[in-house]
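Work through the two exercises below with the sequence and the 3D structure at hand, and try each task before reading its solution.

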Amino acid sequence: MILVRLCLVALFVFAFSAQAQQPNWTKSQMEVWDIVQKSWVDDAAENGNWPKDYLHDDYVSWGASSGGPSYKDSTIKWSRYSDESSSTLIFENSPASITVAGDTAVVNYYSTTVTTDSEGKRTRSVARISEVLIKGGNKWMFLAGSSFEPKMN
């Protein structure tokens, strides 16, 4: 009987400690995360919605593969080129942190993608991404972003 009780106590401790490690996102945090996810769905679908429907006019980003900052028009141009030269086969995004302060949000997440190029070659990549979104009216828009591919063991 004591062994059963000890097992139950251990089970409860494990269950509650695992639960404590998972963030509980607020409604506003989930709203921001939904926009991030939707932007990836539209990008992978190559339906023309990403990035034009998501970027604020003052948008700027700086990725690991760019020589310098990339503004809205440049981001749209390179996205269209990417749509013509490659396709996203699958992606998975996982939020690390989402901070919402009024009409500003900062989202840090990591993404794993598999793409195929025009010759059918598949490439798997992992990126760490930070993005700033601002809310105008009822719509969240991307204002800034930065990404890099971490060195993996």
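**Exercise 1.** What volume does the largest pocket have?

*Solution.* The model is predicted, so local features need pLDDT of at least 70 and side-chain atom pairs count only at pLDDT 80 or more, while totals for chains, interfaces and linings use all residues. Residues are numbered from 1 along each chain as its sequence is written, and side-chain values use heavy atoms, with hydrogens and water left out.

The volume of the largest pocket is about 1,500 Å³. Here a pocket is an open set of points on a 1 Å grid over the protein atoms alone, where a 1.4 Å probe fits, with protein on both sides within 12 Å along at least five of seven lines, and lining residues have an atom within 4 Å of a point. Among the 47 lining residues, those closest to the centre are Trp40, Asp43, Ser65, Ser82 and Ser147. Helix H3 gives the largest share of the lining, 8 residues.

**Exercise 2.** Which parts of the structure does the pair of Trp33 and Tyr109 tie together?

*Solution.* Start with the geometry: the aromatic pair of Trp33 and Tyr109 is edge-to-face, at 5.3 Å centre to centre and 80 degrees between the planes. Rings of Phe, Tyr and Trp (its six-membered ring) pair if their centres lie within 6.5 Å, and planes over 60 degrees apart count as edge-to-face. Next, place the residues: Trp33 lies in helix H2 and Tyr109 in strand E4, so the pair ties together parts that are 76 residues apart in sequence. Helices (H or I, at least four residues) and strands (E, at least two) are DSSP runs, numbered from the N terminus. Finally, Trp33 is buried, with a relative accessible area of 7%, and Tyr109 is buried at 3%, where buried means under 20% relative accessible area (1.4 Å probe, protein chains only).

Conventions
Grid points are joined across faces, edges and corners, and a volume is the space filled by probe spheres set on the points. Rings of Phe, Tyr and Trp (its six-membered ring) pair if their centres lie within 6.5 Å; planes under 30 degrees apart count as stacked, over 60 as edge-to-face and the rest as tilted. Buried means under 20% relative accessible area, exposed over 50%, partly exposed in between (1.4 Å probe, protein chains only).
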